[in-house]
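Please keep the sequence and the model in view while working through the numbered points.

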Amino acid sequence: PIPSCALAVSDERPGLSRWRCSRSAKHSRCVSKTLHFRIEKHQNIYFPIPSNDSSNTDSSNLNRSPKIVEVSGECLKTALQRNHSLFDKDGDQHYDLISALHKSIRGSDVNAALYWLGRMLEGGEKPLYIARRLIRASSEDIGLADPQALVQATTAYQACHMLGMPECNVILAQAVAYLALAPKSIAVYQAYKSVQQCIETERCPPVPIHSEMHQHNL
């Protein structure tokens, strides 16, 4: 576990590469024993420690030599007590959480749906991505049972586009709650799936003459 802590401190990702943190083996063992998650968890701990020094966050300092920051026991204690949101928006969890949100809406579990929404938003997910998925869910899982669901989801997307985070969080929460509480119907979804299957497996007949745009002179 200790090499993972060292890697988290020396990672070259933007933000961390500007700092060099000095910490004792005792403190490394403390972090390793307390946190047995992934390396990203350690990075979330180490990064806020130097960033608390506002004098070193000016953009003019970015090209200067890295400053040595002593990570004390008190700093570690404060950092370990913080609630760090675990969300890998570039990995599998990106899809796992949106799937959990969609299934919670489908199951009419409004509390779970709001929770998964919060996990994504507070972890840095793009609100427009979530809003697009809500538009799909409004038609796939609710459909004709409540046509206003599509209106709610589309309006939420437009509002998120205008406001952005963090102001649009309550807008997405409203849309999620509406979709979760709305009656459900997958009739349209199933009907179109049947159409797709028919096109893939059967020979496509020509358009009947009476349905063509131009009438033939027979």
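1. In which helix is the place of Val195? Val195 lies in helix H11, which covers residues 187–201. Please bear in mind throughout that the model is predicted.

2. Together with Tyr192 and Ile199, Val195 makes a nonpolar surface patch of about 300 Å². Val195 has a relative accessible area of 39%. Val195 is therefore classed as partly exposed, because this value falls between the limits of 20% and 50%.

3. Ile130 may be examined individually. When neighbours within four places in sequence are set aside, Ile130 is in contact with Leu101, Leu117, Met120, Leu121 and Glu125.

4. Most peptide bonds are trans, and most residues other than glycine have a negative phi. The peptide bond from Met165 to Pro166, however, is cis, with omega near 5 degrees. Pro166 belongs to the loop between helix H9 (148–163) and helix H10 (169–181).

5. Ser108 is not a glycine, yet its phi is positive, at about 60 degrees. This residue is found in the loop that runs between helix H6 (92–106) and helix H7 (110–123). Ser108 counts as partly exposed because its relative accessibility is 38%.

How values were computed
Residues are numbered from 1 along each chain as its sequence is written. This is a predicted model: local features need pLDDT of at least 70, side-chain atom pairs count only at pLDDT 80 or more; totals for chains, interfaces and linings use all residues. Side-chain values use heavy atoms; hydrogens and water are left out. Helices (H or I, at least four residues) and strands (E, at least two) are DSSP runs, numbered from the N terminus. Buried means under 20% relative accessible area, exposed over 50%, partly exposed in between (1.4 Å probe, protein chains only). Contact means heavy atoms within 4.5 Å. Patches are made of residues with over 30% relative accessible area and no salt bridge: like charges are joined within 9 Å, nonpolar side chains (Val, Leu, Ile, Met, Phe, Trp, Tyr) within 5 Å. Accessible areas come from the Shrake-Rupley method with a 1.4 Å probe; for residues, only the protein chains shown count as cover. A salt bridge is a side-chain nitrogen of Lys or Arg within 4 Å of a carboxyl oxygen of Asp or Glu.
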